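Dear colleague,

I am handing over the structure we talked about, and below it you will find my notes on what turned up when I went through it. Please read them with the structure open beside you.

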Amino acid sequence: MLTRRKFLKSAGGIALAAPLGIADVAAADETSAWFRNPLGIPALDEGRMVGGERIFDLALQYGTSHFINNMATPTVGINGSYLGPVLRVKRGEDLHLKVTNRLSEPSTLHWHGLNLPAVMDGGPHQVIPPGRTWAPRFNIHQPASTQWYHAHMYHRTGIQVYHGLAGLLYIDDDELRDLQLPSEYGVDDIPLVLQDRAFNQDGSLRYMSSMHDRMMGMMGPVLLVNGTVFANFKLQKPLTRLRILNGSNARIYNLEFEDRREFLQIATDGGLLAQPVPMRQLVLAPGERGEILVEFSPGEDVMLRHSPLPSRPRRHGAGMMGMMQNMMAMNDAPFPIMRFDAGQAMVATRKIPAQLVTPRDWPEGEAVRSRRINLEMGMGMGGGFRINGKSMDLGRIDFRVPLGETEIWEIDNDSPMAHPFHIHDTQFRILDRDEKPPGAGEQGLKDTVLVYSGEKVRIITRFEHYADPRAPYMFHCHILEHEDAGMMGQFVVVGQS
Ligand code: C2O
Ligand code: CU
Ligand code: CU
């Protein structure tokens, strides 16, 4: 079992040997077969119905994982040793989650993507001390979607999520059911939680050991999918739905199949798109979800990989900022993520509906105000991670947002790197990126949007259902090390006067 000392030790600060590289991991693999490890599928937890409520019992706990051969890695998980179950709920239901903290340090559990009362949000204000249980209850009234949950402890979100405190939450509804998309969990409806990790020679996770980790956020050379290294998924149906979460602390993925086959994006963060969008590459930044349908023929054996992001015009040409951009471009090499093996005979395919749903939208003319969000990074110690010139302060409320009024938020990235900007409590639509409409795959409900260096993104939304002048929600960069370092702010939703 992992002690608090070991958990903290892997936080860095202690002299570390060279980290394990992907080559070490492969060479150490006796069977020498790359991508032969069966993809781990998280347990599916549908809770239990009591008095009209769907109840989930969740425990944050220490564990030991064996990601790489027989090396023991101290980790944390929810009802397990690493990550948590997929929680499956239905639109309209009342949830009651009993979250017990069995760790020796305080933590929280945040419901990312959900519209709920601020005191149920599980952000840095809803701390669960060791040994205590926090039991939020709220109603689910959002459309079918792939949401997720993760630790959100003030200054400790990065390290806690990195060690395993995250999981998926599926919302089902009748509209989704009627579309008859692939929906057999673990068979043709597959969760993929993408996370990159660095390891020390002793098998422990290596966290924050360099200036690069602090500036860019924590990245590592080893790719985990649902906690599996070199994952292989044996397909059973020709048409498969992948629900992909970028659950990494900092890495942005540009996903493609090695044969560059076409696939269909069917959903964004907040639910289904209006229609399936054909594409060959899907960019997912930390916190974002994308659902795709992909078709395979018997006998095919295809890798999913990251392909370097197309280069973008730079605002910072010279000096430190320009140097940093060059450094980042150099770091972005292609790498394999996992393998899809369609070796077995598969049963007949099914039809893909041409139309899906009508995702919620707000006409621009309805907006009553617009707010400016400036994402900033300095080069000093600590990185100077700020929003609108300010570093996160639990005692400061940045915005008071009136309930039920449509707002535009203009997010301006005045820093040398891309930041995924996330808002709690609401889903939004992207109005434009540098005055151009977003791509078809982004024309749906979002709660996190990647804002490239020098780019300005406008989003539109309306905060609904819950007002509480005393309990704040967060907005922040979803690179967890940036969030922990101060690139976060707070807002309250207030009743209309
Ligand atoms: Cu995914 Cu403030 O969270
Ligand atoms: Cu969130
Ligand atoms: Cu950031």
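Which side chain of opposite charge is nearest to Asp-213, and how far away is it? Please keep in mind throughout that this is a predicted model. The nearest such side chain is that of Arg-206, at 5.8 Å, and because a salt bridge requires the side-chain nitrogen and the carboxyl oxygen to be within 4 Å, Asp-213 has none, although it is buried.

If neighbours within four places in sequence are set aside, Asp-213 is in contact with Met-208, Met-218 and Glu-481.

Since His-110 is in strand E8 (residues 110–112) and His-422 in strand E29 (residues 419–423), the pair ties together parts that are 312 residues apart in sequence. His-110 is buried, with a relative accessible area of 1%, and His-422 is likewise buried, at 0%.

Turning to the chain as a whole, it has seven helices and 34 strands, and 61% of its 497 residues count as buried. Among contacts with a separation of 6 or more, 79% join residues 24 or more positions apart, while the accessible surface comes to about 18,700 Å², with 52% of it belonging to carbon and sulfur atoms.

How values were computed:
Residues are numbered from 1 along each chain as its sequence is written. Chains are lettered from A and ligands numbered from 1 in the order in which they are written. This is a predicted model: local features need pLDDT of at least 70, side-chain atom pairs count only at pLDDT 80 or more; totals for chains, interfaces and linings use all residues. Side-chain values use heavy atoms; hydrogens and water are left out. Buried means under 20% relative accessible area, exposed over 50%, partly exposed in between (1.4 Å probe, protein chains only). Lys and Arg count as positive and Asp and Glu as negative; His and the chain ends are not counted. Contact means heavy atoms within 4.5 Å. Helices (H or I, at least four residues) and strands (E, at least two) are DSSP runs, numbered from the N terminus. Accessible areas come from the Shrake-Rupley method with a 1.4 Å probe; for residues, only the protein chains shown count as cover.
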